[in-house]
Amino acid sequence: QVHLVESGGGLVQAGASLRLTCAASGLTFSNFDMGWFRQAPGKERESVAAITWSGDSTYYTDSVKGRFTISRDNAKNTVYLQMNSLKPEDTAIYSCAARTRISIEYEYWGQGTQVTVSS
């Protein structure tokens with residue numbers, strides 16, 4: 001059974017940093033591309049960042065480029081999202097997700113961790 005467990009969220013002031021962690025189990029982690037998504041109240045879920053199974057390619061939505069960094073450690077079955085210079089508009093529930101290399105859709109999702117940025 002696949003489990004994705006996020007941690008590292010919290011309440012911070014604007015300009016602060018947080019590091020989110022997603023620990024995966026029940027899958028061969030190195031076979032999966034990983035993504036971070038977020039959903040703010042009243043808004044649709046959006047893709048924030050993604051990283052290929054090998055870590056050699058990454059994607060960021062425009063609003064977080066230069067501030068967020070996605071990385072992974074396949075030996076630890078973990079993917080990270082380093083978030084710097086946080087803004088109030090980054091407030092959302094952040095979830096990680098996994099998809100196999102040949103999939104278009106993400107197949108497995110975590111429960112999410114709340115990130116709240118105060119102004």
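This is a predicted model: local features need pLDDT of at least 70, side-chain atom pairs count only at pLDDT 80 or more; totals for chains, interfaces and linings use all residues.
Author: Local features need pLDDT of at least 70 and side-chain atom pairs count only at pLDDT 80 or more, while totals for chains, interfaces and linings use all residues. Residues are numbered from 1 along each chain as its sequence is written, and side-chain values use heavy atoms, with hydrogens and water left out.

Reader: Why is the link of Cys-22 and Cys-96 called a disulfide?

Author: A disulfide is a pair of cysteine sulfur atoms within 2.5 Å. The sulfur atoms of Cys-22 and Cys-96 are 2.0 Å apart, so the pair meets that definition.

Reader: How do you know whether Cys-22 is buried or exposed?

Author: Buried means under 20% relative accessible area, exposed over 50%, and partly exposed in between, with a 1.4 Å probe and protein chains only. Cys-22 has 0% and is therefore buried.

Reader: What makes Arg-38 and Asp-90 a salt bridge?

Author: The definition asks for a side-chain nitrogen of Lys or Arg within 4 Å of a carboxyl oxygen of Asp or Glu. The closest N and O atoms of Arg-38 and Asp-90 are 2.9 Å apart, so the pair qualifies.

Reader: Which residues are linked with Asp-90 in a network of salt bridges?

Author: Arg-38, Glu-46 and Arg-67 are linked with Asp-90 in that network. Between Asp-90 and Arg-67, the closest N and O atoms are 2.7 Å apart.
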